[in-house]
Each structure stands twice: as structure tokens, then as C-alpha cells.
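Hi everyone, thanks for coming. Let me put the sequence and the structure up on the screen, and then I'll walk you through some side-chain contacts and a few backbone details.

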Amino acid sequence: MFKAIFATVIAVLAAASAHAQTRLPTRGGQETFPAVATVSFDVNGQTNCVVLLTGPCVLSRGNSTGPKTNLVIDAEIVSLSLTGSLPGVGPVTLRAGSNLVGRVSSGQIVSTNSFFPASSFFDVYASIDLPGGTSLVNTAAQRIEATITKTPALSQTYTNVGAASLFDSTDTNTVVGTLIQFGLTPANRGSQRQLGMSVNIAGTNDIGALTMGLCAGTQDVALASMQGQLFAGPMTPNAGCDEALGTNLIFATKWNTNVRAPDWRGYHAGRFIMFRVGSNGKTNLFAFGNLDGSNGAGTHRAPLAAEAEDCSSCGHFEGSLRGVIIESGTLSSGTIKGTYAGEHLDGSGNPISCCPPPLTPPHGAFRMTLDGVITTPCR
């Protein structure tokens, strides 16, 4: 009985799926839309990763040919001009299309039954333009391919098949590098953007109003409750990462903490504010929000590769925060979403010792990192 019902359900689902199938277009056309690419390449033995390249893309497709059981649509990247930034190098542009690089980047869309999904590919001839006037080109086509469910293939990523040798455009006889990764995604027009946030903070915090409580029984537990712990310090942009907040900012937070003795493990929650210090020395509110996290519990430990703390780190704290930017400008109304990690320091500026643990909950000098994204409307 169950098998019969199950078979009926499967048949209904299969019929519904077939009914929802979309045919490939039979007539050609041309579409213009934004595109996103990720590119990795090495030049003279040094690998470079371009995190994001964006810009306009124009694709064309011809009329479908062949029988319904093996439908073929010729396609072409008419124009592709994407820009981005290579950390430590500067602006980078990737171009493709016969009108931009002089060679046609052609491809196909193929379906065995005239319905999506279909296989698709492009053989791309590209130029990667670097600062200083250097242009890297591939003299053999770089194939990128994808299985697509619609055309244009918005939000579907074409990935490269193998690697391609790169040449300086002024000397196509000598290999100077390799195109390692090339991913191209035709995109929908978005409404938001995300900017990097990565800062370091150094300051001091007071212990707040301390209350000790003892839970007696089979396992005695002493809890310390601290109301209104105040942390404050200047924010320094992290030069090694994408960072949009800028300079002259001060971070301050007041949170309530509950930790157990003697390893001071527990949790905290509160609110934060960021101030901008003007040229006249006055401070203006930049952003505010909420945060919460854990105390005395390290999370960067085995089996993670970056083992930085063990599971019992008395002076360690970390958590997540959410807030909104109110300062006028390009980041106005942006939402802050990030994580933070910090540690309390001894008089020599080193992380406090946890063996033996401090006699009172950790407080005083601290340092912390704050990383995440700022989401703003597209402008």
C-alpha cells in the first residue's frame, strides 16, 4: 500500500516538474546586463587574486538550429568590460569581445530535448589590463562553461575549464603567467552593496558594578555579575583588508557581563556607539547598535587550522554586533553587521595569564578586532 502511494506521489511530482520545464528560445536576441567575475592569475611566479570585477556585459544568441532532440544555439560575448581592484597593485580591468580585444569570444547553448537545463560554453579571448599600461592576453581561447536553466543565464556562474597561458600584449611569443581561475556570472540589477569593515581597537575598560553570588549544592558555582562595563578606545583601520569606515573614529560600548569564578567564563550583552572626531576636535555620533557575545571561551582552536586560543581563555571575549550609520555621506543609513574578538592585557601589554586565573574578573587594558560588512543602498 505504502509503495503504491509513494509511486503515485513520485509520478505526480515528475509530471509537475515536466510541466514546469521551459523551452529554449527559438529566436535570437541580444541582452545587456551587469556581470560579476572572479579572476585569479599568476605573473612571474606570483599569484594574484582579484576578489571582484564588475561591469556591463552584452551577450547575443542566434536562432536555434538542429532537430528538437539536439537543439543548438550559437552565442557570443559581444562586449565585456569589468573593473575591480587588486590588493597591493591597484585597479584592474578585464575586457572581452571583438570590439574590445579584436577577437571573437563565441559559444553555444545546447539541449538534447529543447528544454532547459542546457549546457552552455564560451571560448573567451580576454585582456587583463594592469596599472602601468601592462595588458595580459590569452592567445588560446579560455573555455568557460555552465549548466543553465534560463537565458540570459542570470545568477548562474560560468567557470573555466583548465588554465590558460598569459602573454604580455606587446610580446605574444613569451609566456609571462597563467590564468588560473575565471568565473563569470551574469547578474540581476541589485539594490544593495556591501563594503568591508576591518578595524583594530585598543583601549581600557572598568570592571563596572560587581556583584558576587554563590549557588550552593552538589556543585558550587560562584557567579560574578558586572553592570555597566565600559570599553572605549580609538579605531585603527586594518591596512591588510578592505575597509570602508575610514579614520578618526572612536569605539565605545557599555555592556553587562555574567561570568563564573574562577575562570571567568560567561556572556555579555549591551550597546555600542562610534564617534567621528572632527578637525576641530569635536566628536559627532557616527553609528550605534547592539552587541552580545561570550567571555572566557576561545573558539579559534583545533580542529580549525588557525589555532589561536583554547576553549578556556579567561581574558578572551568575542561576539557579534549589529548597528546603523547615521553620519551623512556615502555610508549614510548603512547597516553594520560584524563580529569582534578581544583580549585583556597585563601591565606589559601581553594577554593576561590564566594560570593562576585573575582574582577578579578581567578588566583594564584591552585590544580587539572588529570585522564585517556595511550594507548600503546602491547609489
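Let's start at Pro303, which is placed in the loop between β18 (283–295) and β19 (316–325). A word on names: helices (H or I, at least four residues) and strands (E, at least two) are DSSP runs, numbered from the N terminus. Before I go on, please keep in mind that this is a predicted model, where local features need pLDDT of at least 70, side-chain atom pairs count only at pLDDT 80 or more, and totals for chains, interfaces and linings use all residues. Residues are numbered from 1 along each chain as its sequence is written, and side-chain values use heavy atoms, with hydrogens and water left out.

As a reminder, most residues other than glycine have a negative phi, and most peptide bonds are trans.

On the phi side, have a look at Asn44, a non-glycine with a positive phi of about 55 degrees. You'll find Asn44 in the loop between β1 (29–43) and β2 (46–61). Is Asn44 buried or exposed? Asn44 is exposed, at 69% relative accessibility; the cut-offs are under 20% relative accessible area for buried, over 50% for exposed, and partly exposed in between (1.4 Å probe, protein chains only). Ser155 has a positive phi too, near 65 degrees. Ser155 sits in the loop between β9 (142–148) and β10 (158–160) and is partly exposed, at 48%.

Now to the rings. Rings of Phe, Tyr and Trp (its six-membered ring) pair if their centres lie within 6.5 Å; planes under 30 degrees apart count as stacked, over 60 as edge-to-face and the rest as tilted. That rule gives eight aromatic pairs. Why is the pair of Trp255 and Tyr340 called stacked? Because the ring centres are 6.2 Å apart and the planes make an angle of 25 degrees. Trp255 lies in strand β16 (residues 249–261) and Tyr340 in strand β20 (residues 335–344), so this pair ties together parts 85 residues apart in sequence. Trp255 is buried at 2%, and Tyr340 is buried at 3%. Both belong to a cluster linked by ring pairs, together with Phe231, Phe317 and Phe366.

Next, charges over rings: NZ of Lys or CZ of Arg has to be within 6 Å of the ring centre and within 35 degrees of the ring normal. Arg103 has its charged end over the ring of Tyr125, 3.9 Å from the centre, while that of Arg143 is over the ring of Phe121, at 3.8 Å.

Last stop, salt bridges, meaning a side-chain nitrogen of Lys or Arg within 4 Å of a carboxyl oxygen of Asp or Glu. The model has six salt bridges. In one of them, Arg61 meets Glu31 at 2.3 Å, N to O. Since Arg61 is in strand β2 and Glu31 in strand β1, the pair ties together parts 30 residues apart in sequence. Arg61 and Glu31 are both buried. Arg276 pairs with Glu327, with the closest N and O atoms 3.0 Å apart; here Arg276 is buried at 17%, whereas Glu327 is partly exposed at 24%.

That's my tour, so over to you for questions!
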